[in-house]
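Keep the viewer open as you read.

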Amino acid sequence: MADPRARNRRPGGRPPARRAGPASDPSRSAAYDVLKAVRLDDAYTNLVLPHVLREHELTGRDAAFTTELVSGTIRRQGTYDAIIMACLDRPKVEAKVLDALRLGAHQLLSMRVPAHAAISTTVDLVRAKVGQGPAGFTNAVLRKVAAHDLAGWIRRVAPDPAQDPIGFASLAHSHPRWVVGGLRDALGPDGDLDALLAADNLPPKVMLVARPGLCTPQELLALGGTPGQWSPYAVQLEAGDPGVIPAVTDDRAGVQDEGSQLVALALARAPMAGRDERWLDLCAGPGGKSALLAALARERGAKVLASELQHHRAGLVARGTRQLSGGLLGVITADGTRPPWRPGSFDRILLDAPCSGLGALRRRPESRWRRTPGDVKDLVSLQHSLLSTALDSVRHGGVVAYVTCSPLLAETAEIVTSVLEERRDVELLDAGSALEAGTGLPVPDSDGPLPGTVQLWPHVHGTDAMFLALLTRR
């Protein structure tokens, strides 16, 4: 991303005189405020960034610059921290100064910002946000960072790839070591680990879904979008804010990764004998899949019950499905492990289980730094319990879709295998065939870790790393 101040440069190439302080450089000040909120408040970038952009009155190129500066800095945090530490004469640095150093490092190493601009604006930022004292220190560190490009620094600070390939990949691609190991195992011996990790560090494309019966893909294409690769309802937004698109503001369309669309389509198209009237979204928040399922159900005379544990997320589901009353039984707040409905009540059930989210690192850059192996262990217990509930809640001959936005084997193949071993009344269906029925075309290289399951990948399919298993009760 080019420096947005470049358009104000004088013919000689020097930037115009400006006052020090956050008001003189709102793009970088906004980026710093987002990093601070992520660090101190456990905020999510995608939620806090729009608010901060409005607060600083940033739009267009300035908003795009801030967005890349924030997201890129957080994605590359592990790499930048190793580089910054190599440039320090003392072992510790204040967290609020480190935030600014990370922003400066990203501009120097991964953005088309001239070195003098990256360094001087970061020094000004520290002076305004932290104080005069650390400004000289920031200047000295960033001048050292500027001495090499990113590839050169990786060669200097990363382990020898021949001796420690996981350690090298962890630092080179800025993923925690345990995450790299888990993704390697999920890919299997023939998978391209470097390509997956590199894809996690790319900004995701904005994908829209035209909810059938409410909006057509043609309406979104007319706004300058391009067709999605897999889902017949997907349209990629090339530029601009999706929140100002009339179909999105009216909830006739929504922002939804193509992988999320595909798993909902596969459930809706899975072959099934007998009654097909009552569908359930067991963990419905924030409601994107509920809305698509309700639109699909309405076309077939079926209705969806959306159940969500957290009240505020149930409210999001209700707002997102407000145009789909004809395909909706209702939205309720309920614990999916202790459901209020009778066993065997539903014909199709979507269980988009709470998971580590390690398949969505492109759009949630901070997740890689927050999750721990202990989190996965806790989630596995919940996933197993929810899948058991889903199977109890579906009628004999009905279909359950078990979905995670994590490819880790502990959350995917091992959960499904465990349930199949425990229950003689459950069998696995061919999710690949259902996926092809939903998309109208084959989705290559999507075989999951168990025969009959599906695993999507960002570096192969351009989607989040969604896992899908379809199960039925005999």
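**A sheet and its helix**

Strand 1 (residues 206-210) and strand 3 (residues 234-237) run antiparallel and are joined by four bridges. A quick word on terms: strands pair if DSSP finds at least two bridges between them, and the elements themselves are DSSP runs numbered from the N terminus, with helices being H or I over at least four residues and strands being E over at least two. Before going further, note that this is a predicted model, in which local features need pLDDT of at least 70 and side-chain atom pairs count only at pLDDT 80 or more, while totals for chains, interfaces and linings use all residues. Residues are numbered from 1 along each chain as its sequence is written, and side-chain values use heavy atoms, leaving out hydrogens and water.

Back to the sheet. If you pick out Met 207, you'll find that its bridge partner in strand 3 is Gln 236. Strand 1 also pairs with strand 4 (residues 253-255), again in the antiparallel sense, over three bridges; here Leu 208 has Val 255 as its bridge partner. Strand 3, for its part, is joined to strand 2 by two bridges, and these two run antiparallel as well. Look for Pro 227 there, standing opposite Val 235 in strand 3.

Put together, that gives an open sheet of four strands with antiparallel pairing, in the order 2-3-1-4. Strand 2 (226-227) and strand 4 are the edge strands, each pairing on one side only.

How covered is strand 1? Mostly: four of its five residues are buried, meaning under 20% relative accessible area with a 1.4 Å probe and protein chains only (exposed is over 50%, partly exposed in between). Helix 14 (residues 258-269) lies across strand 1 and strand 3, running at about 30° to strand 1. That angle is between N-to-C directions on a 0 to 180 degrees scale, with axes as lines fitted to C-alpha atoms, for helices over the stretch in contact; contact is heavy atoms within 4.5 Å.

Now zoom out. The chain has 21 helices and twelve strands. Its radius of gyration is 24 Å, close to the 23 Å that the globule rule gives for 474 residues, so the chain is as compact as a globular protein of that length. The radius is taken over C-alpha atoms, and the rule is 2.2 Å times the number of residues to the power 0.38. Buried residues make up 54% of the 474. Among contacts between residues at least 6 apart in sequence, 73% join residues at least 24 apart.
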